[in-house]
Amino acid sequence: MRARRDIQNWWAVQAMIASYNHVYSVVYDTTYHDLGAIGVSAYGNAPIAAYQNEFFALDPDPQTVVQAVRAYPHEPYARHVLNVFFDTISDSGPTAEYEQLGYEPVRSGPLLGLELGASLRPNAYPVRPVKMLREVELANQSLADEGEYISPKTLRQEHIHTFIAEANGQAAGWAQMVTIHPKVAYLNQLFVMKGFRRGQMGSSLLQRAQMDAAVLGMDHLVLIPSDMAAEMVAKLGYQALVYFTALRPRDEHK
């Protein structure tokens with residue numbers, strides 16, 4: 001993926017795209033293609049999202065990006081989203097250009113990051129890595145109550161690291177970190193069951209991921225927080241590196 005000189009922390013976007021596409025390829029056999037002006041995650045019928053293709057604006061010019069998306073060989077009735085990136089929250093002017101080209105915003109948010117090496121607080125909950133099939137099966141028995149599932153396909157994958165937090169002898173939360181990108185770890189998953197969300201289970205999971213990332217020689221950990229986790233992540237020192245907006249074709253929903 002070529003560098004975007006207009007975005008200071010483009011490396012964080014590169015890490016994000018490489019990381020979660022690695023997980024999807026392992027679990028769902030999806031593919032990712034770098035086409036120069038755009039990147040495309042081809043999901044097909046994988047149960048990942050309500051769309052079949054996810055595009056990424058790798059070129060700063062909206063017209064160049066949209067032309068490349070339109071030239072991509074879509075399957076009939078296939079839906080897609082297009083992710084565009086900005087250096088600062090005030091630098092979202094190009095979004096208006098995408099709207100003129102037939103797109104509408106779906107969601108926006110920051111990609112956050114933390115430089116590793118700072119001292120870590122003691123974990124309030126025991127968190128441990130999951131490496132054996134039996135451990136995954138036991139964890140899924142309790143996580144399934146809230147629709148969560150750890151794919152056994154991610155076991156023994158060198159660059160996919162899964163952790164569970166336990167309470168009362170059962171898994172009550174889990175996290176997944178990906179280290180496929182050089183020196184940058186990406187937190188692909190962070191989930192805590194409803195009965196434990198007001199405590200420190202989420203921060204315990206995140207700090208365990210930070211610790212393991214540092215041991216593995218990573219310089220940064222990056223993530224996209226949910227609205228629920230945003231305050232907790234900010235308290236742990238994470239800062240916005242890049243902003244993004246996900247767009248969808250306006251006429252697709254008429």
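**Notes on the predicted model**

1. Asn53 counts as buried because its relative accessibility is 7% (buried means under 20% relative accessible area, exposed over 50% and partly exposed in between, with a 1.4 Å probe and protein chains only). Asn53 sits in strand β3, residues 53-57 (helices are DSSP runs of H or I with at least four residues, strands are runs of E with at least two, both numbered from the N terminus). Beyond its neighbours within four places in sequence, the contacts of Asn53 include Val40, Tyr43, Tyr72, His74, Arg79 and His80 (contact means heavy atoms within 4.5 Å).

2. A word on the basis: this is a predicted model, where local features need pLDDT of at least 70 and side-chain atom pairs count only at pLDDT 80 or more, while totals for chains, interfaces and linings use all residues. Residues are numbered from 1 along each chain as its sequence is written, and side-chain values use heavy atoms, with hydrogens and water left out.

3. The largest nonpolar core has 36 residues, and Met177, Leu187, Leu205, Leu206, Leu221 and Tyr238 touch the most other members (such a core is a set of buried Ala, Val, Leu, Ile, Met, Phe, Trp, Tyr and Cys residues joined through side-chain atoms within 4.5 Å). The elements giving two or more residues to this core are β5, α4 (133-143), β7 (160-167), β8, β9, α5 (201-215) and β10 (220-223). Another core, of 20 residues, lies apart from it, with Val13, Phe56, Val184 and Val242 among its members.

4. Leu187 deserves a look of its own. Not counting residues up to four places away in sequence, Leu187 touches Ala175, Gln176, Met177, Leu206, Ala209, Leu221, Val222 and Leu223.

5. Which helix is largely enclosed by the rest of the structure? That is α5, because twelve of its 15 residues are buried. Among the buried residues of α5 are Leu205 and Leu206, but also Gln207, Arg208, Gln210 and Asp212. From first C-alpha to last, α5 reaches 21 Å, close to the 21 Å expected at 1.5 Å a residue (the expected span is 1.5 Å times one less than the number of residues). After α5 comes Gly217, with a positive phi near 90 degrees.
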